[in-house]
Amino acid sequence: MTPNLIRQAAIVLSNLLTFSSPADAKLSEFFRNNRDLGTKERAFVAESVYGVLRRLRFLSTVTANDENDPDDARKLILAWLLRVQGMSIRELEPMLNEQQKEWAHLIKAKSTDNLPLAVQADVRDWLWEKLVAQYGEAEALTIARSMHEQATLDLRVNTIKGTRDEVLAKFIAENTSGETNVTKTPYSPIGIRMPNRMNIGRHVLFTEGKIEVQDEGSQLLAHLVAAKRGMMVADFCAGAGGKTLAMGALMRNTGRLYAFDVSEKRLHNLGQRLKRSGLSNLNAQVISSETDPKLKRLNGKFDRVLVDAPCSGLGTLRRNPDLKWRQTPEDVAELNVKQTNILARAAKLTKVGGRLIYATCSLLSDENEKIAEHFLATHPDFKLLNAAEILAQQQIQLDTGDYLKLLPHLHNTDGFFAAVFEKLDSTNAVNADSVTEKNKAVVTPVVEAEADSNHEAKLPEDEPEKAKVEKVKVKKAVAKQLPKEAKPRVAKTKTVKA
């Protein structure tokens, strides 16, 4: 650590505090523009800025002279070193100027007795209130604090090219991580957990396609889809294709696997990963939105349809701590509409007897249980399956109830939610027009209001011409799959205030 390195970290942090774009993208841009920084220097900058983002509300409190004192990146870095990393002023003094020494003494002396729980949790008030409503104060605080920790590095073994035991033995023999406790993931039968972060991109196992970086929770989601040999499977929001490739391996490179996404760039990244994977059963297609006309010919064709829906990402705060400062209640409400519409459209792709899997990496019931309940209330031709039973059929002993619900403090994974629906034969399903008032009552106000004004996803394919004309008059909901990026916030304001 040097005075210049602290200054560099403060420059990066100051840029990130505008929250105008994802932190990882800005950090990558900084490193591209500062190639002279060594590995250890890059590690210090990254750990410092991410450390501050994880604890921003607490650190903002201990650096502020009064409630409206604007955040100062230099002070925040000092506070992280002193109050979170536990460094002493004596250790830091050789690297501080006189003003910084004065700040350091004030920061060290600042009392943190009786801090509001939302400050202790390091989240905005709106998010804290939602977590408390769902989990109660004690568990909400535990969940929030578990997000202060850095995530482990989880790897998925590509079983098309190797076995977990082979890969594990090689890592242990190399002692690549610098530690001896490289382990198998406790739930995923194809996962390996590394104790420390490391650059895996140049390792021979990665370049040969034998491993992929993938959180254990994401691996479990691929198992929950339970795709089998010879099936026709769709990943409706494929992104860069981590789950797509995992499903392809579970299918043993048989059947047909489709990857749909609205982003050509993300699917291009999937193409690069596909080359390493050894899979040949994958067909990637860019779509304009969930209502792209090219999807119509595939209606009722798929044995499995995975909807890893665009969401707030609040289950990934160990990796993406900036999301808790970038997301707003308005963003979540907008995402609820997209989630509802995408799930409804994906349902049409599912064949009778097939399964539709809805998943998010969110902690919020607004994006999870409520969306699932709304879907069941408006799609009586689907029934909910028990997630634990599906996993047990694959010798994965993990019971979180009807839904798959993973939390960092319980499962040491990112926060994940998933629901599995099976499509019923129309002769056994209740007609959609006979949905009861009781079922309608489970629809959340935000989604219900949008459903009233967007019939496009609900009208049958062979609707009468009159209905088509009326439909054009209806106000359309947001069609794009990806969530709107949060508007830039001015760093001069108190960034972490609720």
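This is a predicted model: local features need pLDDT of at least 70, side-chain atom pairs count only at pLDDT 80 or more; totals for chains, interfaces and linings use all residues.
Student: What about contacts, how much comes from residues 24 or more positions apart?

Tutor: Taking contacts with a separation of 6 or more, 75% of them are between residues 24 or more positions apart.

Student: Okay, helices next. At what angle do α4 and α5 pack?

Tutor: Helix α4, residues 56–63, packs against helix α5, residues 73–84, at an angle of about 100 degrees. Their axes are 9 Å apart. Angles of 65 to 115 degrees count as roughly perpendicular, so α4 is roughly perpendicular to α5.

Student: Which residues meet there?

Tutor: From α4 you have Leu56, Phe58, Leu59, Ser60, Val62 and Thr63. On the α5 side they meet Lys75, Leu76, Ala79, Trp80, Arg83 and Val84. By class, the contact of α4 with α5 holds eight nonpolar, two polar and two charged residues.

Student: How do the axes of α3 and α5 cross?

Tutor: Helix α3, residues 39–54, crosses α5 at roughly 90 degrees, and the axes come within 9 Å. That makes α3 roughly perpendicular to α5.

Student: Who is in the contact of α3 with α5?

Tutor: Phe44, Glu47, Ser48, Gly51 and Val52 of α3 meet Leu76, Ile77, Trp80 and Leu81 of α5. Those residues divide into six nonpolar, two polar and one charged.

Student: Which residues have a positive phi without being a glycine?

Tutor: Asparagine 114 is one of them, with a phi of about 60 degrees. Arginine 252 is another, also with a positive phi of about 60 degrees.

Student: Where do asparagine 114 and arginine 252 lie?

Tutor: Asparagine 114 lies in the loop between α7 and α8. Arginine 252 is in the loop between α14 and β6.

Student: Is asparagine 114 buried or exposed? And how about arginine 252?

Tutor: Asparagine 114 counts as exposed because its relative accessibility is 77%, and the cut-off for exposed is over 50%. Arginine 252 is partly exposed, with a relative accessible area of 35%.

Student: Last topic, aromatics. How many aromatic pairs are there?

Tutor: The count comes to seven aromatic pairs. One of them is tyrosine 258 with phenylalanine 302, an edge-to-face pair at 5.4 Å centre to centre, with 90 degrees between the planes. This pair links distant parts of the chain, 44 residues apart: tyrosine 258 is in strand β6 and phenylalanine 302 is in strand β8.

Student: Are those two buried or exposed?

Tutor: Tyrosine 258 counts as buried at 7% relative accessibility, and phenylalanine 302 counts as buried at 0%.

Student: Which rings make up their cluster?

Tutor: Ring pairs link Phe236, Tyr258, Phe260 and Phe302 into a cluster.

Conventions:
Residues are numbered from 1 along each chain as its sequence is written. Side-chain values use heavy atoms; hydrogens and water are left out. Axes are lines fitted to C-alpha atoms, for helices over the stretch in contact, and angles run from 0 to 180 degrees between N-to-C directions. Helices (H or I, at least four residues) and strands (E, at least two) are DSSP runs, numbered from the N terminus. Angles under 35 degrees count as roughly parallel, over 145 as roughly antiparallel, 65 to 115 as roughly perpendicular and the rest as oblique. Contact means heavy atoms within 4.5 Å. Ala, Val, Leu, Ile, Met, Phe, Trp, Tyr, Cys and Pro count as nonpolar, Asp, Glu, Lys and Arg as charged, and the others, Gly among them, as polar. Rings of Phe, Tyr and Trp (its six-membered ring) pair if their centres lie within 6.5 Å; planes under 30 degrees apart count as stacked, over 60 as edge-to-face and the rest as tilted. Buried means under 20% relative accessible area, exposed over 50%, partly exposed in between (1.4 Å probe, protein chains only).
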